[in-house]
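Subject: Structure handover

Hello,

Here is the structure for you to look over. My notes on what was found follow below it.

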Amino acid sequence: METIQAKTIVTKTKSQVWFGSDYNMNIYRGCCHGCIYCDSRSECYQVSDFERVKAKENALEIINSELKRKKKKGVIATGSMSDPYNPFEKRNELTRNSLKIVNENRFGIAIATKSSLVTRDTDILSSIKEHSPVIVKITITTADNDLCKKIEPHAADSKERFAAIKSLSDTGIYCGILLMPILPFINDNRSNILDIVHRAYDNGAKFIYALFGVTLRDIQRKYFYERLDNLFPNLKQKYMSCYGNSYNCISPNAKDLWDTFKSECINFGISYKMDDIIKSYKSDYQNRQLSLF
C-alpha cells in the first residue's frame with residue numbers, strides 16, 4: 001500500500017451539527033468502493049487518483065500525540081472523506097489501532113462506513129462506550145443487492161451491511177443508517193424506502209438519517225454521468241434536463257418519500273431527526289456517568 005505524508009490527522013470540526021462530533025480523523029486518503037456518486041471526487045478536495053487508497057505515514061504516532069495534547073475531550077468522527085474500513089484495513093489494522101488510541105485517551109468515536117469489517121472492532125467500541133459516546137453510521141442507499149452492486153460496486157452489499165447493524169446493535173453499540181444519497185430516477189421510490197426502514201427495524205437500527213437527493217459538481221458530476229451511460233442508458237439526458245449544473249439534485253419524489261419515511265420511522269420507534277440522534281447516543285453516556293455517582 002502507498003503512503004502519503006501528513007502533518008496533522010485529528011482536526012477540530014467547525015460545528016457539532018453533523019452527529020455531534022468535535023473532531024475529524026481520516027487515516028486513509030482515497031477510496032476503492034467505486035460508488036458512482038461519491039462527492040469526495042470533487043475538485044475542492046484535491047484528491048488525485050481517488051480510487052487508489054493511500055495510508056497516512058506515521059498515522060498512529062500522530063494521532064496519539066495530537067490526542068494527548070487536546071485539552072477538551074469529545075467525539076472524533078472518522079469516515080468523512082474515505083472509508084476507514086477499506087479492504088486494506090483488514091491487514092493493516094490502522095483503524096483498529098487508532099481506535100485503541102482513542103480509547104486510551106478517553107475520547108468518543110463516530111464512525112461512518114459501508115463495510116461490515118467494522119464489526120471486527122466491537123471489542124474496542126464497547127470499551128470506548130464505557131467512558132465516552134459511540135455511534136456507528138452505516139450507509140445503505142438501497143435494499144436491493146443487485147442495484148447496490150451497480151451503484152456501489154466494490155462495497156459490501158446491502159445484506160452484509162444490515163447484518164453488521166444487527167451484530168453491532170446486539171452488543172449494545174448505538175448504530176443506524178445513513179440513507180443517502182437517494183438518486184433521482186434510480187432508488188427514489190417508495191418501495192425502497194419502506195424496505196430499508198423495515199429491515200432497519202428488524203436488525204436493531206436505532207436511527208436512520210435520510211437525504212432524498214444527490215449533490216453533483218465538476219469531476220464528480222462527470223464521473224457520475226459516465227457511469228450512468230454504462231449502467232442506465234439515456235438517464236444522463238434526464239438528469240441534464242432536470243438539473244442542468246445544479247449542485248443540489250433533489251428527487252422529484254422527495255416530499256412523498258419524506259412523508260412515507262417519517263411515518264414509518266415513527267411507527268417503528270426509529271429516530272430520524274439529527275438532534276434526537278445526537279441526544280440519544282450522548283445521553284446514554286451521560287446517564288451512565290451519572291449512575292456512577
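First, a definition: buried means under 20% relative accessible area, exposed means over 50%, and partly exposed is in between (1.4 Å probe, protein chains only). At 33% relative accessibility, Trp-258 therefore counts as partly exposed.

Two points on the source. This is a predicted model: local features need pLDDT of at least 70, side-chain atom pairs count only at pLDDT 80 or more, and totals for chains, interfaces and linings use all residues. Residues are numbered from 1 along each chain as its sequence is written, and side-chain values use heavy atoms, with hydrogens and water left out.

Helix α10

Helices (H or I, at least four residues) and strands (E, at least two) are DSSP runs, numbered from the N terminus. Helix α10 covers residues 254-268, which is 15 residues. The expected span of a helix is 1.5 Å times one less than its number of residues. For α10 that should be 21 Å, and the end C-alpha atoms are 21 Å apart, which agrees.

Which residues of α10 are buried? They are Ala-254, Leu-257, Thr-260, Phe-261, Glu-264 and Cys-265. These cover an arc of only 130 degrees around the axis, so they sit on the same side of α10. The arc is that of the directions from the helix axis to the C-beta atoms. On the other side of α10, Lys-255, Asp-256, Ile-266 and Asn-267 are exposed.

The buried residues of α10 pack against β9 (175-179), α7 (190-202), β10 (207-210) and β12 (248-250). Contact here means heavy atoms within 4.5 Å. Just after α10, Gly-269 takes a positive phi of about 70 degrees.

Aromatic pairs

Rings of Phe, Tyr and Trp (its six-membered ring) pair if their centres lie within 6.5 Å; planes under 30 degrees apart count as stacked, over 60 as edge-to-face and the rest as tilted. The whole structure has 19 such pairs. Phe-224 and Tyr-239 have ring centres 5.2 Å apart and planes at 75 degrees, so this pair is edge-to-face. Phe-224 lies in helix α8 (residues 218-231) and Tyr-239 in helix α9 (residues 235-243), so the pair ties together parts 15 residues apart in sequence. Both Phe-224 and Tyr-239 are buried.

Trp-258 and Tyr-272 also pair edge-to-face, at 5.8 Å centre to centre and 70 degrees between the planes. At 11% relative accessibility, Tyr-272 counts as buried.

One aromatic cluster is formed by Trp-18, Phe-19, Tyr-174, Phe-207, Tyr-209 and Tyr-281.

Best wishes
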